[in-house]
Amino acid sequence: MSESIQSLRKANKYTDRRCDECHRQTDGLSSLCKLHLRRRGKLGSVRVTRQLRHRDYAFLVGIATKYLKKNPPQSNIIESMLRFLQPPGMVRPITRKQELLITEMSRWSDPRYRNKWTDHGGYRRKANYTPTGILAVLIAVKAHVEERDGVGFPHDSEDFAMMFALTRLWRRPRSLSRGMKNAKYSSKVSKTVLTGLVKRWREYTMVGVYVLQTARAILAEYRASEAERIKSLPKTYTQEEMRKMYEVQQAERRKREEAEAKAKRIVIDIPSLFDRKDEPKLPPVPEPEPFDPGSRPVNDGSAPAAAAIMKWCKDMERWQKHLREKATT
Ligand SMILES: [Zn+2]
């Protein structure tokens, strides 16, 4: 069968078939290019570009752990979770895909593949491989997705993200392949294993519902505690207070700048010599009494005429005001 697919690929190598996502040429058979096939296979959606990182939801694991300590899951949830974590017993002969999944899952009960420590968003904690400890991680991922209203998790990527988070709780066999001297990174989780786990997870609907409800509960609790925390923070200033503070600051700055400017001044001008605070000030020049300005000056278009008209308008305005005031008293 694999031979026939290979020969089909070869035969269709030059068929013009474009990727649904990026319009690149595909192998002639598939509706997706290699990149987008890989994304769909490993991330659950052609739209998702990377796996969810532990640091994205680590602090939520801490919150979920605390919540589960206060509200332990019921025994039927624990039992169902234990069944989910057990590798499926397959009727032989098993397929290669089933074998890969069983191999992955059988490591989960092997102490050699367990981590000693994990972190809950900056805090080092002993890794917890009980059903409750594993549920806390799944709840944290779910809460992370719920917090974003599913934005960024199209198609099947939400369940893929959960199952990926599950697989990374254990150490994975380290591969020496790809010509690396120090193969520091463990082998990647195959799309076969992730797809198999997603399918298996979806069969455990009761645990699925429990995870969703608990995720919502911890989010609600977390938001409430955040609101409390913000309320207890030192009082913030109102706009009016900020304006007053700004004005005081500005007045001080002006005073300082004036003093500096005075100190720097070399040429002492006459007014500054007499710039004495106690010096009596001249009374302001009294304005002349309003008077009837007569008829409007002729506008011949010249600048003096325009100035004369402006002055006349002012005088007339004052005269009218004076008349009005006299009429009312
Ligand atoms: Zn593509």
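A helix here is a DSSP run of type H or I with at least four residues, and helices are numbered from the N terminus. The model is predicted.

**Whole chain**

Start with the chain shown as a cartoon. It contains 12 helices and two strands. Going along the sequence, the elements come in the order α-α-α-α-α-β-β-α-α-α-α-α-α-α. The radius of gyration is 40 Å, well over the 20 Å that the globule rule gives for 329 residues, so the chain is more spread out than a compact globule. Along the principal axes, the C-alpha atoms fill a box of roughly 120 × 60 × 55 Å. Of the 329 residues, 18% are buried. Among contacts between residues at least 6 apart in sequence, 61% join residues at least 24 apart.

**Helix α2 and the glycine after it**

Select residues 34–43, which form α2. The buried residues in α2 are H36, R39, R40, K42 and L43. Then step to G44, which follows α2 and has a positive phi, near 85 degrees.

**The nonpolar core**

Next, colour the largest nonpolar core, a set of 38 residues. The residues with the most contacts inside this core are A64, I139, A140 and V141. At least two core residues come from each of α3 (54–70), α4, α5 (96–106), α6, α7 (157–167), α8 and α9. The biggest contributor is α6, with nine residues.

Centre the view on A140. Which residues does A140 contact, leaving aside its neighbours within four places in sequence? They are Y57, L60, V61 and A64.

**Two helix pairs**

A pair of packed helices is described by the angle between the axes and the distance between them.

On the α3 side, the contact is made by I63, A64 and Y67. On the α9 side, A217, I218, E221 and Y222 make the contact.

Switch to α5 and α8. Their packing angle is about 80 degrees, with the axes 9 Å apart. This makes α5 roughly perpendicular to α8. To see the contact, select K97, L100, L101 and E104 in α5, which meet T192, V193 and G196 in α8.

**The loop between α6 and α7**

Most residues other than glycine have a negative phi. D149, in the loop between α6 and α7, has a phi near 55 degrees, a positive value in a residue other than glycine. Is D149 buried or exposed? D149 has 8 C-beta neighbours inside 10 Å and therefore counts as exposed.

H155 lies in the loop between α6 and α7 as well. The phi of H155 is positive, about 50 degrees, although H155 is not a glycine. H155 counts as partly exposed because it has 15 C-beta neighbours inside 10 Å.

**Helix α12**

Finish at residues 303–328, helix α12, and pick L323 within it. L323 has 11 C-beta neighbours inside 10 Å, so it counts as exposed; the cut-off for exposed is 12 or fewer. Now draw a distance from L323 to T130. How far apart are the two residues in space, C-alpha to C-alpha? The distance is 97 Å, for a separation of 193 residues in sequence.

How values were computed:
Residues numbered from 1 in each chain as written. Predicted model: local features only at pLDDT ≥ 70, side-chain atom pairs only at ≥ 80, totals over all residues. Core = buried A, V, L, I, M, F, W, Y, C linked by C-beta atoms within 7 Å. Buried ≥ 20, exposed ≤ 12 C-beta atoms within 10 Å, placed from the backbone. Contact = placed C-beta atoms within 7 Å. Rg over C-alpha atoms; globule rule 2.2 N^0.38 Å. Axes fitted to C-alpha atoms, helices over the stretch in contact; angles between N-to-C directions. Parallel < 35°, antiparallel > 145°, perpendicular 65-115°, else oblique.
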